[in-house]
Amino acid sequence: WHVDDERAARERVARVEAANAKLRATVDEGRRRRAVYSQMSERKEQQLRSELADEHTALRARIAELEQRNGALHKQLAELERRRAFYAKLTDDKLQRVRDEFTHMLDERDARVHTWRRRCFAE
């Protein structure tokens with residue numbers, strides 16, 4: 001699941017980058033519009049500037065929101081990685097304990113068999 005979380009984080013980063021690219025394209029489009037609208041009346045031009053500024057502000061806010069979410073996702077990913085490492089160590093420790101117990105049981109059995117054989121062959 002670590003790979004899935006990392007992939008999801010990368011996809012979210014890609015979406016932030018796409019939003020940045022969209023913002024740049026919107027700003028470029030705004031510049032082109034300004035050139036065309038410079039021939040229009042001052043009032044119409046002011047209205048369009050206001051609309052572009054609002055759109056620009058909205059996009060900036062959206063980018064800030066996406067960047068904040070991206071940061072939170074990176075923190076979440078780090079926490080998941082920390083947990084994964086913790087549980088991996090826990091699993092390794094448990095596995096080692098089971099191996100040790102099994103080895104101890106085999107040693108005890110071997111000792112019992114050895115004792116039994118000595119008794120049988122001594123008689």
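Is Asn-70 buried or exposed, and what is its relative accessible area? Asn-70 is buried, with a relative accessible area of 14%; here buried means under 20% relative accessible area, exposed means over 50%, and partly exposed lies in between, with a 1.4 Å probe and protein chains only. The structure is a predicted model, in which local features need pLDDT of at least 70 and side-chain atom pairs count only at pLDDT 80 or more, while totals for chains, interfaces and linings use all residues. Residues are numbered from 1 along each chain as its sequence is written, and side-chain values use heavy atoms, with hydrogens and water left out.

Overall form comes next. The protein chain holds two helices and zero strands, these being DSSP runs numbered from the N terminus (H or I over at least four residues for helices, E over at least two for strands). The chain is more spread out than a compact globule, because its radius of gyration is 34 Å, well over the 14 Å that the globule rule gives for 123 residues. The radius is taken over C-alpha atoms, and the globule rule is 2.2 Å times the number of residues to the power 0.38. Along the principal axes, the C-alpha atoms fill a box of roughly 120 × 15 × 10 Å.

Of the 123 residues, 12% count as buried. The accessible surface comes to about 10,300 Å², and carbon and sulfur atoms hold 54% of it; areas come from the Shrake-Rupley method with a 1.4 Å probe, and for residues only the protein chains shown count as cover. The chain carries 29 positive and 24 negative charges, whose mean positions are 1 Å apart. Lys and Arg count as positive and Asp and Glu as negative, without His and the chain ends, and each charge is placed at NZ of Lys, CZ of Arg, CG of Asp or CD of Glu.

Among contacts in the chain with a separation of 6 or more, 70% are between residues 24 or more positions apart, where contact means heavy atoms within 4.5 Å. Under the same exclusion, Thr-26 of helix 1 is in contact with Glu-55 and Leu-59. Thr-26 counts as buried, at 17% relative accessibility.

Which residues make up the largest nonpolar core? The six are Val-16, Ala-19, Leu-23, Leu-59, Ile-63 and Leu-66. Helix 1 (2-37) and helix 2 are the elements that give two or more residues to this core. A nonpolar core is a set of buried Ala, Val, Leu, Ile, Met, Phe, Trp, Tyr and Cys residues joined through side-chain atoms within 4.5 Å. In soluble globular proteins, nonpolar side chains tend to be buried together.

Leu-66 belongs to helix 2 and is buried, with a relative accessible area of 10%. Apart from neighbours within four places in sequence, Leu-66 is in contact with Val-16 and Ala-19. Leu-66 and Lys-22 are 44 residues apart in sequence and, C-alpha to C-alpha, 13 Å apart in space. Glu-17 sits in helix 1 and counts as partly exposed at 48% relative accessibility. Between Glu-17 and Leu-66 there are 49 residues of sequence separation and a C-alpha to C-alpha distance of 9.5 Å.

Glu-45 is found in helix 2 (residues 42-122) and is buried, with a relative accessible area of 11%. Glu-45 and Arg-62 are 17 residues apart in sequence and 25 Å apart in space, C-alpha to C-alpha.
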